[in-house]
Amino acid sequence: MKQKTDVLQGTLALMVLKTLDVLGPLHGYGIARRIEQISGDLLAVNQGTLYPVLLKLEQEGAIASEWGASENNRRARFYRLTRAGRVQLQAETHGWNQTAAIIGRFFAVKAEDLS
Amino acid sequence: MRSLRRFLTRLFTSVKRRQQEERLREEIEEHLALETADNLRAGMPKSEAHRQAVLKFGAVEAIKETYRAEQGLPFIETLLQDLRYTLRMFLRNPGFAVVAILTLAVGIGAATATFSVVDAVLLRSLPYPNSQKIVRVWEQAPDGHRMNMAGSNFDDFRTQNNTFASLAGYEDGLSSVSGGSEPVRVDIAAVSSDFFKALGVEPLRGRVFVSDEQRPHGTPAAIVSYGYWQRYLGSATDLSRLHLSMEGAVYPVVGVMPPEFDFPAGVAAWIPSELNPELPSRSAHNWRGIGRVRDGVTVAQARANLSTIARRIKQQYGKEADLDDAAVVPLADAMVGDVRTALLILLGAVGLLLLISCANVAGLLLARTSARRKELAVRAALGASRGRLVQQFLVESLTLSFAGGALGILIATSAVSILPAILPANLPRQQGIAINASVLLFALGAVIVVAVSLGLFAAWRAAAGDLQEALSAGSRSYSGEGAGQRLRGFLVVGEIATTLVILVGACLLGRSFMRLISTSPGFRQQDLITMEFSLPIPQGQVAMGASALTHQIHLLDEITTRLRAIPGAETVGVAGAMPVAAGDDLPDGLFLILNGQKPPANFDDFGRIAQNRSQTGQALYAIADRGYFRTMGIPLIRGRLFGEEDSFDSPNVAVISESLARQRWPNQNPIGQMIDFGNMDDNLKPLTIVGIAGDVRARGLNFPPSPIIYVDYRQRGMNANASPTIIMRSDAPTGEIVASAHDIFHELTPNVPVKFSTFADEMGGWLADRRFLLLLVGLFGVAALALAAVGIYGVVAFSVTRRTQEIGIRMALGAQRSDVLRLVVGEGARMAGVGVVLGIVASLVITRLMSSLLFGISATDPLTFVCVAVLLSLVALAASYIPAHRAMRVNPVTALRYE
């Protein structure tokens, strides 16, 4: 099995924020499902690692949580993005885009471009 | 910001952790349920659906672990864990904890209490604005001796300097003050114009003196202290109706100083010194100088400035002036003076005591470390990092130190509350002694230093050596412990050496004290009642005229006759000052030996004759009457004492002390010699020596007998420089005598306050600071001795336990009990021996620092050293005898099986 990269793990928090931004309040499983779908099964295993990340984000005030009822009518914890989380998401999105653009440019470089 | 918030949330969540765990469990459950449901929907069989869900979720325990790490504060949690563990250990082993905590409490408590005194007396700044700028100023003689300032010199200093914002002179002395609710004899200060400005203090009520009150024969005015105002003036708010009368003049009260203002210490009122001008003089050193240096000027610069002026005065006036330099010292330093040495010695002693208590606890920790090597090895084997083990030790020693520190602060608090009872009255600034923030900070600092050093020490010992070996080695192996035991030996040797230093110090002080109180002052101290009062003395002049003198004699005769009639009164005498008790304040000066020359006609003449050193002598000037010698019990050596024939009109006579006779007239008979001591009482009538009296240590018991010239008050009078005192010898109860005497004074001199006392009380005050120092150093010495004994006992007892098997083998092989005793006690004796030798070497260096506090004994007094060494060795042997006794009774069979 292919090893997941650390970068992916580190970006989990960003994915959580983006998911909540797009889809509104979700419970942990819902978030995991969306991330799994979008990331193309990259997060298929070790879904549990999501929970420490959720806790950290909540402690930082980027998301808030409350109890609600899940689709099978059981008690579930629903997470939603806070105003601070939205600000954080914007800042990090900007940062990521910048980084990605720079890395992209580096990857596009061919030997003749530098001569 | 974000991380702070996170920290706070974590701190919060770590408290309600159980709730959080529950939440996670529930979320996981829900997650798995939803996943399983989805899997079922995707067509998986039921059992597979759940399995896949769990697989996909990942390792639950690992996630829980991460989650926990995320939500709490691991550092604080392990700390709390360590704390709980520590407390459990202490509860299981309370003896160790109690001994360690008590030991530290003694050390920290003593250090804190001592520091509170040092802080108040030496460290805290004076209660005046910009107090570091306030200085005391002296004239300095060519021999480096500091003198108060003479009026004319002071004027020059004041007008010619360019470094002082203000410079003032003051003097204080007892006066009888009436005008308040009752007449009292209190300290009154005469102060020059800039006095209050120099100190930077304004009156609480009213005003400072104005220029009309600060000129010769100006309007009298007085400023009173808060205490006097409260006690004798009923805190009256309308000052305009308050008047004080003292020494025949009336002073309207113009101001009241704030309650904390107490300078010079104990003064009840201040009056302008300019009101009663004295003759201009460059050698009458009457004024204490105080000043405030200008902003941006250092004390050294101010001193250089005054030195220049002093040299100019010397050049200009030559023989008339006896200064050639000036001294300038910050007021705070000047106030504490020689107390500093005593306090620093106390601080040193208490520091050593703290060191000993730390060494003791370190020894205890070491013993426990050896006992816990296995536990540590197991923990290390189970994956505890070295840092984690060190943390455990730090927590343990922190717990011990904080418990000891808290108890120590309690001890210090109660010590400080009883301090006023034992503190010498002459210790300056003692009102400020309290357990305040800076003292607590000191205690906290001491606790932390102790905790960290003990913790690191224990951790270092625990981490030293191979833990694996400890684990694999059976209980029969001692190899790992040998180093620890050696180290404990070193600690105990250090303790013994330190204890010896403290004990030697205490013994030197103690023997000095014993010598001091067993030194005969030259008279009988017991059963002497003193009555100090003030006689009507003519204002503004020192010499007594015939009429004033007759009046005085009449009054004193009346009083003494009545006093003699009190039942139980043996003898009554009159003195111009009390020897010993008045100590430094006794008047002394230069007298002329006339050798058949004509007596000086005036003071210029006096000064001219005084140029010839062979014709002068130095002596105390004592006013007495014929009853004085008998009452005091001063023997007549030769000639006669004062008698009926000596009257105002007859030739004036003097009795001199034996030491003066020996000094100035060796191998001659001084009786019949003519001398002149007119500079003391402004009366140039020569004195004929008629008798020699026994020596008196008038300056204090720690000084050699002073040369004294006694003059008869019936001829010379009680002048303004005297503190008239009637002394009575009686073995009747003091209270009764005082009551009767009080009535007599009240009847004959209703407005004159009298201070009754006994000579023993006056002496007690004089000895108080020595007694205090001795008491504390002695106490520290005893504490140190006890700690050292515990230390020795601990090491030897532990070693006996450790060597039980060895002892068993020795006994099985035929060793006698006495051999075992020798073996064990020998261990203690070796440590004691090395400790004592080191201690003696250290003491030889250290006790030198206290030689200024010793009397009649050298700082390296061999007898003291030997006694202390023997005492300490005996205690060491006794402490090691107890475990040795136990070892002697070891049953070889049990011992061999001992694990």
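In which helix of chain A does A:Leu20 lie? The legends below refer to a predicted model.

**View 1. A:Leu20 in helix 2 of chain A.** The residue A:Leu20 belongs to helix 2, which spans residues 12–23 of chain A. A:Leu20 is classed as buried because 25 other C-beta atoms lie within 10 Å, and the threshold for that class is 20 or more.

**View 2. The contacts of A:Leu20 within chain A.** When residues up to four places away in sequence are left out, A:Leu20 touches A:Leu26, A:Ile63, A:Tyr79, A:Arg80 and A:Leu81.

**View 3. The contact between chain A and chain B.** Chain A contributes 21 residues to the contact, and chain B contributes 24 residues. On the side of chain A that touches chain B, at least two residues come from each of helix 3 (28–39), helix 4 (50–60) and strand 3 (75–81). Helix 4 of chain A gives the most to this side, namely 6 residues. By residue class, the side of chain A that touches chain B comprises 7 nonpolar, 9 polar and 5 charged residues.

**View 4. The fold of chain B.** The secondary structure of chain B consists of 29 helices and 23 strands. Of the 899 residues in chain B, 41% are buried. Among contacts in chain B with a separation of 6 or more, 83% join residues 24 or more positions apart.

Notes. Residues are numbered from 1 along each chain as its sequence is written. Chains are lettered from A and ligands numbered from 1 in the order in which they are written. This is a predicted model: local features need pLDDT of at least 70, side-chain atom pairs count only at pLDDT 80 or more; totals for chains, interfaces and linings use all residues. Two residues are in contact if their C-beta atoms, placed from the backbone, lie within 7 Å. Helices (H or I, at least four residues) and strands (E, at least two) are DSSP runs, numbered from the N terminus. Ala, Val, Leu, Ile, Met, Phe, Trp, Tyr, Cys and Pro count as nonpolar, Asp, Glu, Lys and Arg as charged, and the others, Gly among them, as polar. A residue is buried if 20 or more other C-beta atoms lie within 10 Å of its own, exposed if 12 or fewer, and partly exposed in between; C-beta atoms are placed from the backbone.
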